[in-house]
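Here's a quick briefing to read alongside the model. Have the sequence and the 3D view open as you go.

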Amino acid sequence: MSAHETIDSEVKTNDVVLFMKGTPDFPMCGFSGQVVQILNYLGVDYKGINVLDDEGIRGGIKEYSSWPTIPQLYVKGEFVGSCDIAREMFQAGELQQFFTDKGIAVKQGA
């Protein structure tokens, strides 16, 4: 399976997926760490994919989304954005509403 096919499969089979540097338990950059903190605070179930494990995924995710930075957050197959966008949406209460609108349970912090 190509990197593009792998990315496409992950985005389409997971309700919430975060392409990040490191893992949810051990983020390897501050931006990835911030998005992990937001998702954990909201109690949202998500899959973290470490782009540092696969150079094809690391470069491929940028092509897939036409977005130059990592982390990248996807919800129900839709690209939400990177750290800055996720943080701004969270601070405005929009991310919580976005999850709710997509049928994703927000368990805390809402």
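Is Asp-45 buried or exposed? Asp-45 counts as exposed, since its relative accessibility is 57% and the cut-off for exposed is over 50%. Keep in mind that this is a predicted model.

- Four strands make up an open sheet, running in the order β4-β1-β5-β6 with mixed pairing.
- The edges belong to β4 (47-50) and β6 (78-81); each has a single partner strand, so one side of each has no neighbour in the sheet.
- On average, neighbouring strands here are turned by 25° against each other, direction ignored.
- β1 (residues 16-20) and β5 (residues 72-75) run antiparallel to each other, paired over four bridges.
- If you want a spot to check that pairing, look at Phe-19, whose bridge partner in β5 is Gln-72.

**Helices on the sheet**
- Helix α1 (residues 3-13) packs on the sheet and touches β1, β4 and β5. The direction of α1 makes about 140° with that of β1.
- Helix α2 (residues 30-42) also packs on the sheet, where it touches β1 and β5. For α2, the angle with the direction of β1 is about 160°.

**Salt bridges within a helix**
- Searching the whole structure turns up six salt bridges, and the pairs below are among them.
- Lys-12 pairs up with Asp-8, with the closest N and O atoms 2.9 Å apart. The two sit four residues apart in helix α1, so about one helical turn separates them.
- Lys-12 counts as exposed, at 63% relative accessibility.
- Asp-84 forms a salt bridge with Arg-87, and here the closest N and O atoms are 2.9 Å apart. Both residues lie in helix α4 (residues 83-91), three residues apart, or about one turn of the helix.
- Asp-84 is partly exposed, with a relative accessible area of 37%, and Arg-87 counts as partly exposed too, at 25% relative accessibility.

**A salt bridge across the sequence**
- Back to Asp-45: its salt-bridge partner is Lys-107, and the closest N and O atoms are 3.0 Å apart.
- Lys-107 lies in the segment after α5 (94-101), while Asp-45 is in the loop between α2 and β4, so this pair ties together parts that are 62 residues apart in sequence.
- Lys-107 counts as exposed, at 51% relative accessibility, as does Asp-45 at 57%.

Technical notes: Residues numbered from 1 in each chain as written. Predicted model: local features only at pLDDT ≥ 70, side-chain atom pairs only at ≥ 80, totals over all residues. Heavy atoms only, no water. Pairing = 2+ DSSP bridges. Axes fitted to C-alpha atoms, helices over the stretch in contact; angles between N-to-C directions. Contact = heavy atoms within 4.5 Å. Salt bridge = Lys/Arg side-chain N within 4 Å of Asp/Glu carboxyl O. Buried < 20%, exposed > 50% of the residue type's maximum accessible area, 1.4 Å probe, protein only.
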